[in-house]
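Please read the sequence and the model shown here together.

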Amino acid sequence: MNLKDLIAVSGISGVFRIAGNRNNGLIIEDLDTGKKKFAPARRHQFTPLESIAIYTDDDSTELAKVFSNMLEQIEDNPPANPNAKPDELREYFADVLPDFDRDQVSSGDIKKVIKWFNFLNERNLLSLEEETVEETKDAE
């Protein structure tokens, strides 16, 4: 699962691919249309998905690992509706990441993770194969 070139942009819903870099912002690419546009740094904040982690009781877990858990459980435990009640969202997230910090991870955070997962999964941008290859390389 490669989240390297994917970012979230404040003020614009969805996930985008970084198409280019300027000194005053980023050129972002829509994953559906391939259309590129400039997002100025004065107006937007950029968050690479690979740098996002979810607080756990001990430390934190990378978003890629959370997505991997969600992908493994998609048949038995499909993602909750992002507009579900906070209790339902927390219950689903507890199945995916049992040790998430219930005090620091808000319902809004869970909604965003589920929305991102659904968005990327619908576009076949998530897979378990890459992670297995990376884990094999790390073990050697």
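The text below covers the sheet, then the helix contacts, then an aromatic pair.

This is a predicted model, in which local features need pLDDT of at least 70 and side-chain atom pairs count only at pLDDT 80 or more, while totals for chains, interfaces and linings use all residues. Residues are numbered from 1 along each chain as its sequence is written, and side-chain values use heavy atoms, with hydrogens and water left out.

**The sheet**

Helices (H or I, at least four residues) and strands (E, at least two) are DSSP runs, numbered from the N terminus. Two strands pair if DSSP finds at least two bridges between them. An open sheet is formed by five strands in the order S4-S3-S2-S1-S5, with antiparallel pairing. Strand S4 (36-40) and strand S5 (46-48) stand at the edges with a single partner strand each, so one side of each has no neighbour in the sheet. From one strand to the next the twist averages 45°. Angles run from 0 to 180 degrees between N-to-C directions, and axes are lines fitted to C-alpha atoms, for helices over the stretch in contact.

| Strands | Bridges | Direction |
|---|---|---|
| S1 (residues 6-9) and S5 | Three bridges | antiparallel |
| S2 and S3 (residues 25-30) | Six bridges | antiparallel |
| S3 and S4 | Five bridges | antiparallel |

Alanine 8 has threonine 47 in S5 as its bridge partner. Asparagine 21 is bridged to leucine 26 in S3, and leucine 26 also stands opposite alanine 39 in S4. A hairpin with two residues between the strands is formed by S2 and S3. The hairpin of S3 and S4 has five residues between the strands, and glycine 34 there takes a positive phi near 80°.

**Helix contacts**

Contact means heavy atoms within 4.5 Å. For the side-chain classes, Ala, Val, Leu, Ile, Met, Phe, Trp, Tyr, Cys and Pro count as nonpolar, Asp, Glu, Lys and Arg as charged, and the others, Gly among them, as polar. Angles under 35 degrees count as roughly parallel, over 145 as roughly antiparallel, 65 to 115 as roughly perpendicular and the rest as oblique.

The axes of helix H1 (residues 63-72) and helix H3 (residues 107-122) cross at roughly 70° and come within 11 Å. H1 is therefore roughly perpendicular to H3. On the H1 side, Leu63, Val66, Phe67, Met70 and Leu71 meet Val113, Ile114, Trp116, Phe117, Leu120 and Asn121 of H3. Ten of the residues of this contact are nonpolar, one is polar and none is charged.

H1 also crosses helix H2 (residues 86-96), at roughly 95°, with the axes coming within 9 Å. These two helices are therefore roughly perpendicular to each other. Val66, Asn69 and Met70 in H1 are in contact with Tyr92, Phe93 and Val96 in H2. The contact of H1 with H2 divides into five nonpolar residues, one polar and no charged.

**An aromatic pair**

Rings of Phe, Tyr and Trp (its six-membered ring) pair if their centres lie within 6.5 Å; planes under 30 degrees apart count as stacked, over 60 as edge-to-face and the rest as tilted. By this rule there are two aromatic pairs. In one of them, phenylalanine 67 and phenylalanine 117 are tilted, at 5.9 Å centre to centre with 50° between the planes. Phenylalanine 67 lies in helix H1 and phenylalanine 117 in helix H3, so the pair ties together parts that are 50 residues apart in sequence.
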